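This report describes selected local features of one protein chain.

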Amino acid sequence: MGKPMLTVRIARWSAEHPWRAIGAWLLFVAICIGAGQVAGTRQADFDDNPKGELATYQSIVDEAGFERPSTENVLITAKDGSLDKNQALAAANDVRQRMDALAEVGRVSDPIPSPKGTAVLVNVEMTGSSDTSEERIQPLLDTTAEAQQSYPDLRIEEVGGASLDKALSATLGQDFQQAELISIPVTLLIMLVVFGALIAAGVPVLLAMSAVGTALGLSALVSHLIPATDNTASMILLIGMAVGVDYSLFYIRREREERAKGAGHVDAVEIAAATSGHAIVVSGIAVTVAMAGMFVTNDIVFSSMAVGTILVVLAAMIGSITVLPALLAKLGRWVDRPRIPFLWRLSMRSDGEPRFWKAVLRPSLRKPKTTLIISGGLLVALAIPAFGMTLNAPSEQDLPRSIPIMQTYDRMTGAFPSTGASHEIAVRVPADQAGAAKSAVDDLLGRIAADPGFAHDQPPQVTPAAGGRIVLISAGIPYDGGSARADQSLAELRTTLLPQTIGKVSGAEFAVSGMTAGENDFVDQMKSSLPWVIGFVLLLTLLVMLWAFRAPVIALSAIGLNLLSAGAAYGVLVLVFQHTWAEGLLGFTSNGGITAWLPVMLFVTLFGLSMDYHVFVVSRIREAAAGGLSTREAVATGITRSAGAVTSAAAVMIGVFSIFGSLTTIDMKQMGVGLATAILIDATLIRAVVLPALMVVLGRANWWTPRFLRRRTPVAPPAERKVLEPVG
């Protein structure tokens, strides 16, 4: 007799040594969390992994050995009515003296009245590295608050790079805590409905939480190689709770199903390991492969999200096939205690073949071609708006004005346009061209002064270095950095002003950075990366499905269905967020576009997560076909028997993803709505209508295996053999 498959051998050992398996898992989770806390998380900097023009800019700045200090702005305005200029200047001088006394402050400017006399500004330069300014900003904020108390008739507030980052980090942190606090009870409530018993409902949630904790710890360690971003922890929670619960859900439902048929606890666990356990491994590999597609972008944001999601998926997969069998074997029938009367009866009824899903399947089974054409046409129609998708990067303008510091930012940029966004220009010339470079820079400054696309309340800051070979210029613009007019100003600078001035100096190099340039370059990078990401994910998904099912038709149909699902989700995103009709419903203000990183992230995530359903459903269909049923009967049996698990898994994912649609920032809203919509379409229209219709149309061709993919199925023990026999 040959060896049973790996998942069965692992499950058998865990079931026979439950305390060892449980103890080893808890120790592993504790070590990962502890190591992550000790090592800390390295956050990505602006200059991590620079590319294109940003790389040129960074090279010039690095050669100059210049680091622009972190700058804060103390804004003084009237709370009501017109500003008392004398009182405002007195307050400004008081602020100067207070700030001068702080060790964190290097230079403080004289009071700067606004052009219209409505405000006074004090610029404060911080000492030390700008990378650590957020950690050292609190004394400045406290000093500003003390000055406000001394002048109650005025509004004295602070805004700058470090204070803005601190406030936004606090907001994102609160959002993360809110998502965490809501997602866990929502998931537990869904699990109670699914299982009707408290312990059975709690096990998937606890395992998912342990996977999230493990991944957060490991990602902190990995961040010292691939720096983390603000979205990394959110993605770990988002994917970890969804996948972790789903994997446990599939396993427990199958184990319960086998016990209901009369199998003993260990036998039920082994059959679950041979079926659902194997599907979990295939799904985990598929999700990992899909998430690895984010590395193709060669962008630090995507690389950090890829690391986080891959780690949490692998942790959830490993936990589901190792510690979960131990828990089920140890708990035995106690896993179904304590029962919640109404929900218990409901869950036991749903473990059968629900009438609802038989009714849903009826059109696909009776008239598969017609059903396929109509449902496929509906998905294509939903996908059509995606061709009008506009990509942009969220800017300060997109942040909710409920955040107090954003109200301060608006008042400051309204009174002092040059304090808003700016174009950061770096110039480098050969040593013998320093004189020509100075003349070219003067010419450039003159053109900027005459150009309405630049702010004129303060002249550009010019910083020469390296004996005149390098010049850094900061030119303010009177627009929000993410606006169309800022984009026009950038285009004018890059295509006309710089080439006609600096570009005429022999051997000169120049580059433009800043928020507007960074956003434009990022959007361009996403547009160019998306086709490569799609190709990478499609190819590797095809290989994984061929490895899992040895059936090219099954692999190709999986890819086609996922493409339809992704296209429909893209179309819904465009309909919701590029228009204004849903603003009141979802609490956002449309910026006319979709967050640039979302299409890539949505594609790889959907492709990975949909494998949960596809592998699980198709495995049940193949299992029924292996038992001698016709394709039509196998499709009906496989889908109705898996419908409860798939519906429950989808409910968990949609519930968790929808929570992110309620968060503060528009990119998180778009991600939550996009993923929830994609999963809803995938778990209902795709899996319950399109997939069965397609498989019935294809018939036995679904299982065709070319000679080079055929392999001899290993001999299995009786409990396995009935679910592993090859199809014809």
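## Strand β1 and its partners

N73 stands opposite N123, a residue of β4. The model is a predicted one. The pairing of β1 with strand β4 (residues 119–126) is antiparallel and extends over 7 bridges.

Strand β5 (residues 154–160) is also joined to β1 by 7 bridges, and these two strands run antiparallel. Here E72 stands opposite G160 in β5.

## Q148 in helix α5

Helix α5 spans residues 138–150 and contains Q148. The relative accessibility of Q148 is 18%, and Q148 therefore counts as buried, the cut-off being under 20%.

Neighbours within four places in sequence aside, Q148 is in contact with K79, L154, R155 and I156. For I156, the backbone nitrogen lies 2.7 Å from a polar atom of the Q148 side chain. Between Q148 and P460 there are 30 Å in space, C-alpha to C-alpha, and the two are 312 residues apart in sequence.

## A nonpolar surface patch

V380, I384 and F387 make a nonpolar surface patch of about 360 Å². F387 belongs to the loop between α13 (368–383) and β6 (391–392). With a relative accessible area of 77%, F387 is exposed, because the cut-off for that class is over 50%.

## A cis peptide bond

The peptide bond that joins R337 and P338 is cis, with omega at about -25 degrees. P338 is located in the loop between α10 (300–331) and α11 (341–350).

A466 is not a glycine, yet its phi is positive, at about 55 degrees. This residue lies in the loop between β8 (461–465) and β9 (470–476). A466 has a relative accessible area of 41% and is partly exposed.

R550, likewise a residue other than glycine, has a positive phi near 55 degrees. The loop that holds R550 runs between α17 (515–549) and α18 (552–577).

Definitions and conventions: Residues numbered from 1 in each chain as written. Predicted model: local features only at pLDDT ≥ 70, side-chain atom pairs only at ≥ 80, totals over all residues. Heavy atoms only, no water. Patch = residues over 30% accessible without salt bridge, like charges linked within 9 Å, V, L, I, M, F, W, Y side chains within 5 Å. Areas by Shrake-Rupley, 256 points an atom, 1.4 Å probe, with all protein chains shown as cover. Salt bridge = Lys/Arg side-chain N within 4 Å of Asp/Glu carboxyl O. Helix = DSSP H or I, 4+ residues; strand = E, 2+ residues; numbered from the N terminus. Buried < 20%, exposed > 50% of the residue type's maximum accessible area, 1.4 Å probe, protein only. Contact = heavy atoms within 4.5 Å. Polar contact = N/O pair within 3.5 Å; in protein donor to acceptor, adjacent residues only side chain to side chain. Pairing = 2+ DSSP bridges.
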